[in-house]
Protein chains: 2
Amino acid sequence: MSPIADAECYGAECVSASTTVVVVGAGPSGLMLANNLARFGTSVVILDDRPDKTSTGKADGMQPKTIETFKQLRLADPLLRNGAKVFDISFWVKLLHSKKSSSLTNFQESTTDQPMRRTGRKLHYPDHLVGASDPYILLAHQGMVEEVMIDDMESRGVFVTRNARFTSCSPVDGMDQLQIQYEDTATNAIRTIKADYLVGCDGARSKVRSFIPDADLEGEITNAAWGVMDGVIDTDFPDLWSKVALRSHSAGSILLIPRERGMTRLYVELSSTGGERVDKAKATPEYVTQRAREAMHPFKLEWKSVEWFGTYVVGQRVAKRFMDPSAKVFIAGDAGHCHSALAAQGANTSMHDSFNLAWKLNLVARGLAKSSLLHTYEEERQKIAHDLINFDVEHCKAFSEGETALAKNFDDNIRFIAGFGAEYTPGTLTRVSSSPCRIQAGMLQLPAKVTRYIDANPVDVQLDIPLLGQFKIYIFVPELRSSLSALNVLCEQLASVLGELTAHADRSFEKHSRGHCSSDDFQQPQRYNTVSNIFTLAMVTKSSQSEFEISELPEMLQKSRWSVYLDDIQATGCTERWFGNLEAESIGMAIVRPDGYIGMIDSWDMAKVAATRAWLDSYFLSFMA
Amino acid sequence: MSPIADAECYGAECVSASTTVVVVGAGPSGLMLANNLARFGTSVVILDDRPDKTSTGKADGMQPKTIETFKQLRLADPLLRNGAKVFDISFWVKLLHSKKSSSLTNFQESTTDQPMRRTGRKLHYPDHLVGASDPYILLAHQGMVEEVMIDDMESRGVFVTRNARFTSCSPVDGMDQLQIQYEDTATNAIRTIKADYLVGCDGARSKVRSFIPDADLEGEITNAAWGVMDGVIDTDFPDLWSKVALRSHSAGSILLIPRERGMTRLYVELSSTGGERVDKAKATPEYVTQRAREAMHPFKLEWKSVEWFGTYVVGQRVAKRFMDPSAKVFIAGDAGHCHSALAAQGANTSMHDSFNLAWKLNLVARGLAKSSLLHTYEEERQKIAHDLINFDVEHCKAFSEGETALAKNFDDNIRFIAGFGAEYTPGTLTRVSSSPCRIQAGMLQLPAKVTRYIDANPVDVQLDIPLLGQFKIYIFVPELRSSLSALNVLCEQLASVLGELTAHADRSFEKHSRGHCSSDDFQQPQRYNTVSNIFTLAMVTKSSQSEFEISELPEMLQKSRWSVYLDDIQATGCTERWFGNLEAESIGMAIVRPDGYIGMIDSWDMAKVAATRAWLDSYFLSFMA
């Protein structure tokens with residue numbers, strides 16, 4: 001059971017009658033939220049109206065940043081083992097030809113001398129543009145993604161309440177609580193649960209959204225319709241195992257994406273040549289297959305098996321509000337934004353909505369941060385939703401314009417498509433620094449390889465510290481021995497600014513501990529909150545292991561020995577990636593938010609590190625309680 | 001159930017009454033054998049006298065080659081996630097000091113000004129000496145290693161028969177079979193099972209060994225005794241998370257190895273100062289702890305928890321025979337060799353005994369290879385056992401001589417310790433080539449990164465083709481376009497030499513298919529036996545992806561499209577690692593055995609590739625049926 005929950009049992013099923021957060025919808029977004037809250041130790045109930053997790057179809061492409069997030073959650077392994085990895089994209093075009101028939105039987109006889117040709121084949125996420133440590137799309141069916149999050153959550157004692165259809169929510173008189181009703185669809189019984197927060201991760205037709213004033217979706221619905229099929233294809237088309245964008249003047253656009261278990265996802269444009277929407281009755285698997293076959297001719301296209309078929313009409317819309325003014329009801333994922341499926345963004349953006357919200361809810365629910373922190377959720381994620389919609393409009397347009405436009409659209413937006421380009425503007429949690437650094441507040445922590453001092457393990461700096469809902473404060477010390485006294489001063493500032501907060505947090509975590517699971521015995525997360533439950537302290541130095549002992553460091557860093565790193569692996573190392581040329585007499589510091597975004601970053605002359613006190617104050621006091 | 005087995009049910013438990021191979025002992029060696037056989041589709045029954053898998057203690061260090069093997073088996077993930085990785089080794093020494101007390105109580109009062117000092121700290125497996133893709137020891141408890149093999153085997157329908165103590169075996173009159181008896185230790189019932197082969201993986205006191213004539217252990221038992229403890233240590237010793245070799249003149253040698261779950265394994269030398277063996281009654285956890293505390297003073301040593309304690313006396317012995325003359329009864333693992341635990345070799349060598357035997361048993365049991373193939377098991381693995389014993393004697397000696405000797409011993413033997421130095425001399429399966437290559441027959445296939453043509457995935461060439469008990473034949477083509485006609489000729493030779501064998505094998509696998517498990521749907525192993533069940537054909541070229549299409553290749557290579565690789569990732573690529581400078585007008589070829597050893601390797605001028613026919617003939621006809 002969740003630590004803060006009271007429990008009442010209905011028959012065999014145990015449902016919390018009072019909890020901190022109710023999440024509606026156990027798709028990728030809802031599960032990411034509930035899973036994070038379960039880890040952080042905030043009581044959560046997750047309702048879903050389906051009897052089981054997604055079995056076929058739907059979203060299936062994980063972008064590089066999402067793979068990183070799952071690695072940070074220590075949940076990527078089964079997906080990496082079983083998913084298909086798409087490293088390259090291939091562009092094909094088929095020119096106009098005179099003889100064309102659109103009926104299936106006639107088509108068998110039709111021939112053409114017009115060539116179908118590959119106009120290019122290239123890496124999807126070139127290192128120089130993206131710099132991802134996992135530069136590929138991971139195709140793992142939505143049900144697989146849901147499963148890893150559910151299994152992990154269950155190991156922490158939180159279970160999805162199935163067959164539970166959310167119906168309404170209302171404030172509880174005189175208390176700062178919500179009364180949430182849902183229907184048990186198996187028995188039609190209406191159940192009630194009290195909670196502090198309600199989050200709708202219930203998709204484009206979100207019911208929760210209707211309980212947020214003025215939160216309608218705004219934007220366009222186009223005439224562009226697509227048919228989508230998953231299955232095993234028999235073909236002599238050579239690029240079946242690359243992502244393929246095929247534009248045919250006769251039969252519209254086709255997108256092919258390799259999938260796990262030898263399958264292919266096929267997207268087929270259903271708009272008729274004139275641009276009118278295709279009659280829904282015509283959008284059958286047979287019709288979609290015929291369009292694809294026409295487009296791919298002279299290559300063969302047969303289905304060995306079909307696992308799923310769906311159609312959708314492209315709309316690009318964003319909800320006007322992502323939360324109610326009192327910061328009690330929220331929406332995340334498709335409930336807040338919808339767009340085309342072409343660039344495989346949907347589930348990725350949705351999960352990162354939740355990833356942004358979860359740690360904020362945890363800190364506020366624990367009384368460690370001000371309620372105003374929750375408003376940054378809407379500010380930040382609505383910005384990303386609009387970025388996404390704007391990109392999607394351009395991407396769809398480029399798709400129909402041709403390979404040159406599409407290739408340019410890819411190049412211009414590739415960081416955004418990969419997920420690393422989702423960046424926040426300056427705000428409460430993202431404060432512009434005075435000295436210029438390579439990375440800035442609002443950007444994601446950059447990947448880099450470093451050596452862990454304590455056990456000489458080479459690790460990825462962006463993955464090594466486990467996600468405990470805490471901030472990460474990285475100190476960069478180019479030259480250690482000469483910096484020892486400055487380090488002492490720095491640690492004093494940290495203790496002074498964060499000491500009271502830490503004591504406050506320690507009492508909270510004493511009372512409501514983080515969600516424990518058996519794999520924690522192996523991961524040893526407690527190595528990373530020895531100093532505070534609010535932050536993990538880390539140090540990156542360019543000095544070598546033989547130049548110092550842990551016992552020479554300030555006590556706070558001695559306690560943080562599992563996050564003392566040597567920047568000795570890469571030619572362009574972590575220090576340089578973050579700060580550019582950081583002088584030997586300087587010390588750098590970065591506050592990384594619990595979701596991996598840079599909150600603030602700056603550097604100081606060693607003699608002036610006492611100034612970090614005001615700097616730290618200015619950040620944390622603005623939103624911490 | 002295993003495909004070849006007849007089953008009879010005894011109560012709730014189902015035991016095959018007739019099978020192809022009976023394995024005695026479900027430790028690392030026995031499980032590796034049974035797991036491999038289950039994959040290859042050879043019926044196997046595995047008996048173990050324990051009620052469950054190993055819960056604490058015993059072997060726990062996986063060497064780099066063993067990690068590679070588990071990656072090849074697609075079983076490494078949970079071990080890599082949960083194990084501790086030891087990258088470095090630290091040497092400490094404590095000089096003689098005058099005042100010393102060996103009793104626990106007195107020791108508390110004793111003080112010394114003599115320094116204990118680190119004489120060196122360095123990478124355990126330096127890249128320039130070992131070149132491993134996983135250059136560390138993976139500490140994962142034996143029970144975890146057993147579990148991944150058991151889980152995988154069970155997913156293929158093979159279960160360990162527990163509480164089953166092997167008692168005897170005898171030939172079945174007039175048939176080429178063995179009658180094997182074991183006792184159900186839960187009921188004391190005696191059960192009988194018929195099998196074609198019996199393999200004893202039943203440890204140093206092997207009962208199966210007694211059924212092989214003249215197979216006694218030969219060698220020395222020393223006076224060197226060690227106490228071993230696993231637990232969580234509280235200490236201010238700075239190198240607790242490195243492997244530590246500590247030599248103290250007063251209190252003997254200590255070895256510390258970090259383990260999973262924050263534990264440490266502590267080895268403490270129990271020989272008294274005079275070299276006599278320590279009285280067994282004295283070898284208690286308290287005594288071992290006291291010795292360690294003395295050696296580590298002035299650093300603190302307290303146990304927060306103790307999980308396991310054991311003692312052992314070092315013996316270095318090898319069985320005179322690993323099999324009976326008729327090639328029906330075998331021993332593997334500790335049943336064939338024993339030695340000290342210091343270099344963490346035991347389970348590693350034992351599992352590779354089985355890894356060597358499994359594919360041979362499968363081919364012979366299927367009638368695809370001559371029975372004489374089985375004799376290469378003894379030839380090859382006895383050689384390794386003697387190498388191990390010789391190394392171990394030197395290693396133990398160096399350990400007591402001091403850090404200079406030990407460091408030299410490490411450097412001299414590091415490839416062997418890592419597992420890559422286990423090499424076979426020329427023989428039936430390892431044929432010396434006429435032209436000089438960088439790697440030679442009897443050596444392991446070298447790691448290298450290449451790009452898979454078909455889907456642009458960067459892969460490890462030594463891991464990519466799944467283990468199906470088949471040979472891998474790699475063709476190296478530096479310059480593809482000019483080599484197309486030579487490639488055609490080469491493929492004709494392959495078809496000619498291996499065509500009949502392939503037809504024979506295909507009938508066998510039609511009848512007794514490989515063990516299928518649900519993860520095969522994701523791994524798609526059938527992509528790698530499109531040409532033959534005897535071998536997977538692979539090609540490595542230095543030409544780029546844009547220079548050729550798969551459809552231009554000979555049909556046999558078109559069918560092998562999942563193993564067409566581009567040598568375009570590393571500065572010193574796969575081709576150069578295997579062949580040195582392979583000229584553009586040359587073609588190289590290597591036969592890699594099912595266990596990853598090079599069987600034969602050579603190169604030809606493009607005009608002379610017809611000669612590969614005799615070359616292939618000379619290899620395969622000597623042992624294939």
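Strand E4 of chain A pairs in the antiparallel sense with strand E8 (residues 137-139) of chain A, the two being joined over two bridges. Within this pairing, Met62(A) stands opposite Leu138(A), a residue of E8(A). These descriptions refer to a predicted model. The pair belongs to an open sheet of three strands in chain A, arranged in the order E4-E8-E5 with antiparallel pairing. Strand E4 (61-62) and strand E5 (84-86) of chain A each have a single partner strand and stand at the edges, so that one side of each is left without a neighbour in the sheet. Strands of a sheet pair through backbone hydrogen bonds, whether parallel or antiparallel.

Confidence comes next. The model scores ipTM 0.91 and pTM 0.93, and chain A averages a pLDDT of 91, with 93% of the residues scoring at least 70.

| Stretch of chain A | pLDDT | Contacts beyond near neighbours in sequence |
|---|---|---|
| Residues 1-15 | below 50 | 35 contacts |
| Residues 98-111 | below 50 | 16 contacts |

The remaining description concerns the interface between the two chains. In the model, 29 residues of chain B are in contact with 29 residues of chain A, and the two chains bury about 2,800 Å² between them, 48% of it on carbon and sulfur atoms. Of the area that chain B buries against chain A, 23% is supplied by Trp241(B), Arg261(B) and Phe522(B), which is more than any other three residues supply.

The rule finds four salt bridges between chain B and chain A; in a salt bridge between Arg81(B) and Asp77(A), the side chains meet at 2.6 Å, taken from N to O. Across the same interface of chain B and chain A there are 14 residue pairs in polar contact, with both residues of each pair at pLDDT 80 or more. On the side of chain B that touches chain A, the elements giving two or more residues are helix H3 (77-82), strand E7 (116-123) and helix H13 (520-523) of chain B. The residues on that side of chain B divide into 10 nonpolar, seven polar and 12 charged.

How values were computed:
Residues are numbered from 1 along each chain as its sequence is written. Chains are lettered from A and ligands numbered from 1 in the order in which they are written. Side-chain values use heavy atoms; hydrogens and water are left out. Contact means heavy atoms within 4.5 Å. Buried area is the accessible area (1.4 Å probe) that two parts lose on being put together, summed over both. A polar contact is a pair of N or O atoms within 3.5 Å; within protein, one must be able to donate a hydrogen and the other to accept it, and residues adjacent in sequence count only if both atoms are side-chain atoms. Helices (H or I, at least four residues) and strands (E, at least two) are DSSP runs, numbered from the N terminus. Ala, Val, Leu, Ile, Met, Phe, Trp, Tyr, Cys and Pro count as nonpolar, Asp, Glu, Lys and Arg as charged, and the others, Gly among them, as polar. pLDDT is the predictor's confidence in each residue, from 0 to 100. Two strands pair if DSSP finds at least two bridges between them.
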